[in-house]
Amino acid sequence: MGQLAGGSAMNLLETCDPIRLGERLRIARSNADFKQDEAAKEIGVARTTLVAIEQGQRRPRPKELTQLADLYRVSINDLLRSEAVHVDLIARFRRTADSD
């Protein structure tokens, strides 16, 4: 899912707001139902390192970002894009003239 290849992806990682990226990683981890210690162990870092990444105090290394994206089953593109895409998954129904 996540390959971080080429100069443009590296530039995105370097220019991405670390706080925003950390928040997206935290949400992705939560959605994937991982605890911080579990995710950290899976990618071979200390839990405190993952905490620092999620809080925007430390940028993830390219390999770490790739591993986290794969682990959480999200694309690196979704994590690095400048604007988050919000998808409203709640179904909306309209009344029709027949439903009254």
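Modeller: Among contacts between residues at least 6 apart in sequence, 68% join residues at least 24 apart; a contact means heavy atoms within 4.5 Å. This is a predicted model, in which local features need pLDDT of at least 70 and side-chain atom pairs count only at pLDDT 80 or more, while totals for chains, interfaces and linings use all residues. Residues are numbered from 1 along each chain as its sequence is written, and side-chain values use heavy atoms, with hydrogens and water left out.

The protein has six helices and zero strands (DSSP runs, numbered from the N terminus: H or I of at least four residues for helices, E of at least two for strands). Of its 100 residues, 34% count as buried (under 20% relative accessible area; exposed is over 50%, partly exposed in between, with a 1.4 Å probe and protein chains only).

Now the core itself. The largest nonpolar core has 19 residues; such a core is a set of buried Ala, Val, Leu, Ile, Met, Phe, Trp, Tyr and Cys residues joined through side-chain atoms within 4.5 Å. Leu 21, Leu 25, Leu 65, Tyr 72 and Leu 80 touch the most other members. Two or more residues each come from α2, α3 (36–43), α4, α5 (62–72) and α6 (76–80). The most come from α5, which gives five. In soluble globular proteins, nonpolar side chains tend to be buried together.

With 5% relative accessibility, Tyr 72 counts as buried. Tyr 72 also belongs to the one aromatic pair in the structure (ring centres of Phe, Tyr or Trp, the last by its six-membered ring, within 6.5 Å; planes under 30 degrees apart are stacked, over 60 edge-to-face, the rest tilted). Its partner is Phe 34; the ring centres are 6.1 Å apart and the planes stand at 50 degrees, so the pair is tilted. Phe 34 sits in the loop between α2 and α3, and Tyr 72 in helix α5, 38 residues apart.

The axes of α2 (residues 18–31) and α4 (residues 47–54) come within 7 Å and cross at roughly 120 degrees (lines fitted to C-alpha atoms over the stretch in contact, with angles from 0 to 180 degrees between N-to-C directions). The two are therefore oblique to each other (under 35 degrees is roughly parallel, over 145 roughly antiparallel, 65 to 115 roughly perpendicular, the rest oblique). On the α2 side, the contact includes Leu 25; on the α4 side are Leu 50, Ile 53 and Glu 54.
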